[in-house]
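Thanks for taking a look at this with me.

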Amino acid sequence: MGMRRRRDGIGPLEYTRRAWMRLILLATFVFLYAPIVTLVAFSFNDSRRNIVWRGFTLEYYEKAFNNAGLIEAFVNSLTIAFFSTVVSTVLGALVALKLWRFRFPGKAPYEGAMTLPIVIPEICMGVAMLAFFSRIGWPSGLTWPFNLGAITIAHISFSFPFVAVVVRARLANFNREQEEAARDLGATEWQVFRDIMIPYMKPGLVAGALLAFTLSLDDFVITFFTSGPDTVTFPVKVYSMVRFSVTPEVNAASTILIAITLVLTTIALVLQNRRTTD
Amino acid sequence: MKKRHMTALSRRSFLAGMGAVAAGITFMPRRGFGQEEEKLVNFYNWDTYIGETTLGDFQAATGIEVKMDLFADNDELFAKLREGNPGYDLIVPTNDYVERMIVADMLVPLDHSAIPNIENLGEAFRDAEFDPGRKYSLPYMWGTIGIGYRKSALDEVPDSWKWLYDSDKYSGRIALLSDAGTIIQMGLKYLGQPLNATDPELIKQVEEMLIRQKPHIKSFAEDNGQDLLLSGEVDLTMEWNGDILQVMEEDDDLDYVVPKEGGLIWQDCLCIPKGAPHPQNAHALINFILDAEAGRDIAEFIYYATPNAAARALAEDAYKSNPAIFPPDETIAMLEASIYKGEDYQRLVDEAITRVRAA
Amino acid sequence: MDSWRKFPLVFWLFSLPPTLWLLLFFLVPLGLIWLFSFGEKQGIVGIDITWTLANYARALDPLYLQIFVKSFWFAGLTTLICLLVGFPVALAITFAPARWRPVLLLLVILPFWTNLLIRTYALIAVLRTRGFLNDGLEWTWEGANALLTLVGLGDLNLLGERFQPFELLYNNFAVVFGLVYVHLPFMVLPLYAALDRMDKSYLEASLDLGASQLRTFLSVVAPLAMAGIVSGCIITFIPALGSFLTPDLLGGPDSQMIANVIESQFKSANDWPFGAALSFLLMYVTFFVLALRAFMTRGRAGLDAA
C-alpha cells in the first residue's frame, strides 16, 4: 500500500475511514448476507410451511440428518468434488505451465480452446456430456464410487481451465532469474521444478483447488444431465426439495452446507497464509 | 380426521431408514445379468406420490429394497431416458407420455402373469386407448386438472377458465401451470374446442388470448402452484387436484373446482423402461402397489383417485366421497384425456408459449 | 519464454494430459452437439445429421433474437449495477488497513462459496409478498402512520388506506436483483486485484497538484484500473447472460432468458438440433464479446492476469 501520511484527521487516501465509504461497505455486506442470515435463522423455525416464524426448534436439523437421501447426496457431492479437485488442479497447473513457459505453433488457438469450458453455457455442456456418455456406451450400474465417474469427468472438464487461469496469473509474476540461477548451479529440470516452481505456485494452486472444489460442489445443471439413480448430488437433491415441499428442512440442509463450506474455506486460507508468500 | 397424510417430512424420515440400508448396499458389488436379480429396485417417481409406508412394507414383504428418485415433470423423465436408461427399473409417466414412449420403443412389455393383482383394477382401467391391452403400462393414479382457489379472496366460485385466461378481475393474483401443452389444452377447452386439437389456427387463438392475459398472470408455476396459493402469493391457480387437496388440509380457506368448460383427465401409469436392470423386481413392485391394502394406503396418503377398485372399496368414506378426488359423472363427461399428438405438435405449442412469454 | 523445441520432453509432459482430456471429454462431446445443430429430428429420439442450416435459420428468427436481446439487456444491467456497487467496495477494501483486507475480501467471497441454488432460494423468502422486505416496509409504514396519527393527520390517510406490499418477486425486477446478488463477488475480485496493483503515488501526485477527489478518480484511478474493470465486467456479463436458474426460480411470465429457451428445447420441445443451434449461437456471441475485450486490451503494457 502506498505511503499513508501521518496526519491528524483522515488522510486524503484513507478512503475507508470516510463515513460514506463505510456506509457503502456496510450496505453491501447487509445486502449480501441478509438473505443467507434469514435462511439460517428460519432453519430453526417451528413451522412446516416456513412463512411466519412460529418458534425455535431443532427438529428440522434432526430430520435433515436422518434424511438418508440427503446424506447420500451429500457424500456423493463431496466425493465427486474431491476427485474433481485433485485431477483439475493437476491438469490446470500443467496447462498454466505450458502456456507460461513455452512458445509453440498454434498457441493462440490452443489458449482459445482452453477457455471454451469457461464460456460455454452450462446447459449446452450438460447435454453434450449426456449425449456423449450414452453414445460411447458408458457403463451404468457400477459400484460406488465408480458410478460417480461420469459426473466426475464432466466436472473435471469444466473445472481445470479455471484452475489454469488462476495458476497462470500467479506464474505471470514469477521472476525467472531464480530458475536460471538454479540451472547455472547444476540443478536438473526436475529439481528446478520441485524446489522452485512448485513452492512458488503453491498459493495459486491452493486458490485454484478451492475454486475447482466450489465449482464442483455447487454444480447443478451439468450434474443434472449426467446423473442417474444413486448418483444424486446435493444441489440436485436440494433443487427437488425446493421445487416441492419448501420446509425448514431445506434451510437446515443449506445451513449445514454453508457451515461446512465456511470451515473448509477458513482452513484452506489459514493454511495458505501460514506459508510465506511473496 | 384420522390418518391424514402427514408431512412430506414424515415420508422422508421414513425413507431414511431405507436409505441407510441403501447406503450400505451401494457399497456391495453388483451382480451381472443372467443371475438372480439382486434385491433392489430403482423407482423413478413424482414427488409426494407414494404412500407413507409403502416402500418399507414392500421390503418387509419381499426383502427387496426400493431406491426412489424424484422427477418434476414428464419432460424431465423423458429427457433422462431418451439417450438410454441410466438404470431405472420402474417409472411413472402420464398417459400421453406412455403413448410417446411406446412409439419410441422405450418400454418393456409387462408380463401380466407376474402381476395377479391386475384383478383389483376397476373395469374402466383394464384397457386404455393409449395402450391397447395394457401391454406396457398399468394405471397408478388418475385425476383432473382444475382451479385451486382461496374462498375468502373471491366473491364466487371460479368455475370457469375465463378467470385465468380471459379476465382481469383477479389481475396479479393468478398462476397457471408452465407446461406448454397443458396451457394450450386448457385454453382450447375454454374456447369450446377439443383439447386435442392440433389446428395451428386454433393454437394461435389461444396464444393471442394468453398474450392479452399475460399482464394479469403472476407466474407460470412448474409444480408449486399450490404453494403459491397457500402462501398468499396468488388466489387462483391451475393445478392438479391432488396437489390442491394436499394444501387444503393445511388451510380451510382453500378449495378446488373443475371448470364448467371441462378440463383434463389424466392417468399416471407404472411402466418398465427398456434396459431396466431389475425387471423381475419391478414386476413385484407393481404387483404390490396394485394390492388392495397397499393401494388404499397410498391413495389415502397422497389423496389422488385410485384406479384400484379393491383399494377404493377399502378406503374411508371421506376419501371415497370427496368430489375433488372422484368427480361426479357430469363433470367427468366434460373432461378429456390428452393424447400424444406427434413431435410437430410439441414444437408448435412450445414455440407458441415461447412467443407468449417473450411478448 | 522458451521455444518448445528446447525442452521437448518437458513440453510434451506438460502438454499431453490436459490436451488429451480436453479433446476427449470436452471437444468431442461438444462436437457431437455441434453436429446435432446441423441435424434434423428423426422420429422421437433419433437425430439425422443432414447438414441442414434450418436450425440456425430458425434461431435467427425475430422471436429468438428478441429473447437474445432481452438476455443481453438483463446481463448488461446486472453488470452495470455490479460495477457501480462493486467499485466502491473494491476501493474501500484496497484502502483499508492491511490487516483488515483479507478479512474483508473473505467476507465478499464467502457468499460466492455458497451454493447458487440456496442463495437464490433465500432471496425468495426475502422478496415475496409476505417476505422480509415487504414485512419490513409494512412495519415502517405502520410506524409512519402512527406518527401521522400522533400529529393529528391520521384521518387523511396520507399513506393510503392499507399497506400495499410491493411486487418484488416473479418479475423482471426479481431476476435482475437475483442476478446482481449472485454475481457481485465476481465483480469485486478483479477490481480489487487491479486497484491493488495500482501505484498509489499517482493518486497522491494528482491530489497534491490540486485536483479534486472526483477529478482524481475519473482521470487517474479509473483509467489505471481499466484492465480490472474490463475483466470484472466480462466475468459478470458472460455467466449472467447464460444463467437459467435465477430467471427460472425468481422470474415471472415475462422473464424468459435465452438459457431458459435452450433448456426447454432439450426438454419439453424435445428438439435437440434446434437447442444445439441456439446454444452455439449463444457461444458465438460470447466469443465475440471476448474478442472485443482482447482487442481493447491489446497493446496495453504490463501483464493482464485476470
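The points below go from the overall form of one chain, through its contacts, to a few local details.

1. **Before you start.** This is a predicted model, in which local features need pLDDT of at least 70 and side-chain atom pairs count only at pLDDT 80 or more, while totals for chains, interfaces and linings use all residues. Residues are numbered from 1 along each chain as its sequence is written, and chains are lettered from A and ligands numbered from 1 in the order in which they are written.

2. **Chain C as a whole.** Chain C contains 13 helices and three strands; here helices (H or I, at least four residues) and strands (E, at least two) are DSSP runs, numbered from the N terminus. Its C-alpha atoms fill a box of roughly 80 × 65 × 30 Å along the principal axes. The radius of gyration of chain C is 25 Å, whereas a compact globule of 306 residues would have one near 19 Å. That radius is taken over C-alpha atoms, and the globule rule is 2.2 Å times the number of residues to the power 0.38.

3. **Inside chain C.** Of the 306 residues in chain C, 45% are buried. A residue is called buried if 20 or more other C-beta atoms lie within 10 Å of its own, exposed if 12 or fewer, and partly exposed in between, with C-beta atoms placed from the backbone. Take the contacts in chain C between residues at least 6 apart in sequence: 73% of them join residues at least 24 apart. Two residues are in contact if their C-beta atoms, placed from the backbone, lie within 7 Å.

4. **Domains of chain C.** Domain 1 of chain C covers 62-121 + 167-294, and domain 2 covers 130-166. These bounds come from an automatic or database domain assignment. The C-alpha centres of the two domains lie 36 Å apart.

5. **Where chain C meets chain A.** Here 67 residues of chain C are in contact with 62 residues of chain A. Several elements of chain C each supply at least two residues to this side, among them helix 3 (62-94), helix 8 (200-208) and helix 13 (272-297). Helix 1 of chain C gives the largest share, 15 residues. By class, this side of chain C has 53 nonpolar, eight polar and six charged residues. Ala, Val, Leu, Ile, Met, Phe, Trp, Tyr, Cys and Pro count as nonpolar, Asp, Glu, Lys and Arg as charged, and the others, Gly among them, as polar.

6. **A strand pair across the two chains.** Strand 1 (residues 102-103) of chain A pairs with strand 1 of chain C in the parallel sense, over two bridges. Strands pair if DSSP finds at least two bridges between them. In this pairing, F102(A) stands opposite D2(C).

7. **Where chain C meets chain B.** On this side, 24 residues of chain C are in contact with 26 residues of chain B. Helix 3 and helix 12 of chain C each supply at least two of the residues that touch chain B. The side of chain C facing chain B divides into nine nonpolar, eight polar and seven charged residues.

8. **Strand 7 of chain B.** Strand 7 (residues 236-240) is worth a visit: five of its five residues are buried. L236(B), M238(B) and W240(B) lie on one side, with T237(B) and E239(B) on the other. In a regular strand the side chains alternate between the two faces of the sheet. Strand 4 (residues 137-150) of chain B runs antiparallel to strand 7, with five bridges joining them, and G146(B) has E239(B) as its bridge partner. Strand 5 (residues 174-177) of chain B pairs with strand 7 in the parallel sense over two bridges, where I174(B) stands opposite L236(B).

9. **Two residues with positive phi.** Most residues other than glycine have a negative phi. D105(B), not a glycine, has a positive phi of about 60°, and its place is in the loop between helix 4 (95-103) and strand 4 of chain B. D105(B) counts as exposed because it has 10 C-beta neighbours inside 10 Å. Y303(B), also not a glycine, has a positive phi of about 65° and is found in the loop between helix 11 (292-302) and helix 12 (309-314) of chain B. Y303(B) has 24 C-beta neighbours inside 10 Å, so it counts as buried.

10. **One residue in a helix.** Is N287(B) buried, exposed or partly exposed? With 19 C-beta neighbours inside 10 Å, N287(B) counts as partly exposed. N287(B) lies in helix 10 (residues 279-289) of chain B. Not counting residues up to four places away in sequence, N287(B) touches A114(B), I115(B), P116(B) and N117(B).
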